Amino acid sequence: MFEKVLIANRGEIALRVIRACRDLGIRTVAVHSTIDSDAMHVRLADESVCIGPPAPRDSYLSMAALISAATVAGADAIHPGLGFLAENSTFAQVVADHGFIFIGPSPDHIATMGDKIAAKAAMAAVGVSGVPGGDNAIEDETEAARIAAEIGYPVLVKAAAGGGGRGMQIARTPTNLGPALGLARREAAGAFGDSRVFIEKFIENPRHIEIQILADSHGNAVHLGERDCSIQRRHQKVIEEAPSPILDESLRTGIGERAATAVRRLGYLGVGTLEFLFDGRDFHFIEMNTRLQVEHPVTEMVTGVDLVREQLTVAAGGKLTFGQKDVRFDGHAIECRVNAEDARTFVPSPGRVREYHPPGGPGIRVDSALFAGCIVPPHYDSLVAKLVAHGPDRAIATARLARALDEYVIEGIETNLDLHRRIARNQDFNNGACDIHWLERWMDNA
């Protein structure tokens, strides 16, 4: 096992890694920008290194600064957390080239899965089919029209690189296709520096289902069931839960085994998530995330598996501590992403937290780096906390979630807690009847 791990991230995910390392007796090194010098992850790590000014490109995205910090601190390995450089294949290679262990998959797997066209092809080769559509980047409008006619309108024009809903445009008719291509290419180039796009069939009202997998370097791979991430705004997840309220045991086992078999055949290492659109009958692969997910706590709550502990173990060359037959699912868990933003306009709301009181009680978990008096900087992602409610069934989990949301106090900044409170008491949500477009429809009619 490692003696010292540098965590190339900040906020609640850095805290999450620190806690797992401490449980394993591993010393930790926090990195921070100048504005994060008093942050909770800096306070709780064994050591800390300032890596630059607040702008991410000069600190958390600076590979040179991170490698220098790891060298100075004498770290054995680097954990990328999530976001920033977590899915950057160049960074993973640089880490290895400088003699450190990258706590994640190989640079090749990160690169392949970071390109949606390549990922679709790689998964098809190991028996996981994607959404019907083109297999290559679109060269011109004539080719786009041919593919769209073959699969039928409406179609979705998607960026080959990146994610987060950027570079995605719907074309419902042939007349819409040209403008959708142009806009998607411009968005993709601006967001990812890569203007390549491809076309898929637009599935009207699917559920977003993802499968959590774990794999070691000894040929072992398991799945930890699914998460339903259908409550989204502009393709950004807002609420996630496990298990999905619409899958039966046969569907759950089938897609889980298919995902575990696929990553085993790929020779994948570490944690990963295969994401699918489910149309009520078939699962259509859309992408794979080669890192820890924001929503990993819901899986931990229903399985009892410490995903970060397993991630550290397999990165150090160890075997998974359990097999598929050992995985048990207990109850239901739901996670709310608490963001520092206006609940109506979604405009970020940085500032100083004046009062902070997280909820508690049976079945409640809060992952956050907030504390009274801390600063929420304007330079980073607006996620400030993850509230997770667990219960023996979905009804009790939703009741505990509503109760916990009412208890949660964050003052001094705007948050989306009010939005979550309204969702938690909505009948569609309580019935588990929300597809990926539900939240936007509901908000438009509210």
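Two strands count as paired if DSSP finds at least two bridges between them. Keep that in mind for what follows. One caution: this is a predicted model.

Take S9 and S12. Strand S9 covers residues 207–215, and strand S12 covers residues 270–278. They pair in the antiparallel sense, over 9 bridges. One of the contacts to look at is Ala 215, whose bridge partner in S12 is Gly 270. On this sheet packs helix H11, residues 307–315. H11 touches S9, S12 and strand S10, residues 221–233. The direction of H11 makes about 45° with that of S9.

Now the whole sheet. What is its strand order? It reads S13-S12-S9-S10-S11-S14-S19-S17. That is an open sheet of 8 strands, with antiparallel pairing. Which strands stand at the edges? S13, residues 283–289, and S17, residues 364–368. Each has a single partner strand, so one side of each is left without a neighbour in the sheet. From one strand to the next, the twist averages 25°.

Over at S17, look for helix H1, residues 11–23. H1 lies across S17 and strand S19, residues 383–391. H1 runs at about 110° to S17.

Strand S1, residues 4–7, pairs with S2 in the parallel sense, over 4 bridges. Within that pair, Ile 7 stands opposite Ala 30 of S2. How does the chain get from S1 to S2? It crosses through H1, and this β-α-β crossover is right-handed.

S2 itself spans residues 27–33. Is S2 mostly covered or mostly open? Mostly covered: 6 of its 7 residues are buried. Buried here means under 20% relative accessible area. S2 also pairs with strand S3, residues 47–52. That pairing is parallel too, over 5 bridges. Val 29 has Glu 47 as its bridge partner in S3.

How many cavities of 30 Å³ or more does a search of the whole structure find? The search finds 2.

Over to you for discussion.

Notes: Residues numbered from 1 in each chain as written. Predicted model: local features only at pLDDT ≥ 70, side-chain atom pairs only at ≥ 80, totals over all residues. Heavy atoms only, no water. Helix = DSSP H or I, 4+ residues; strand = E, 2+ residues; numbered from the N terminus. Axes fitted to C-alpha atoms, helices over the stretch in contact; angles between N-to-C directions. Contact = heavy atoms within 4.5 Å. Buried < 20%, exposed > 50% of the residue type's maximum accessible area, 1.4 Å probe, protein only. Right-handed = clockwise from strand over helix to strand, strands pointing away. 1 Å grid on protein atoms, 1.4 Å probe; cavity = no way out; pocket = protein on both sides within 12 Å on 5 of 7 lines; lining within 4 Å. Points joined across faces, edges and corners; volume = space filled by probe spheres on them.
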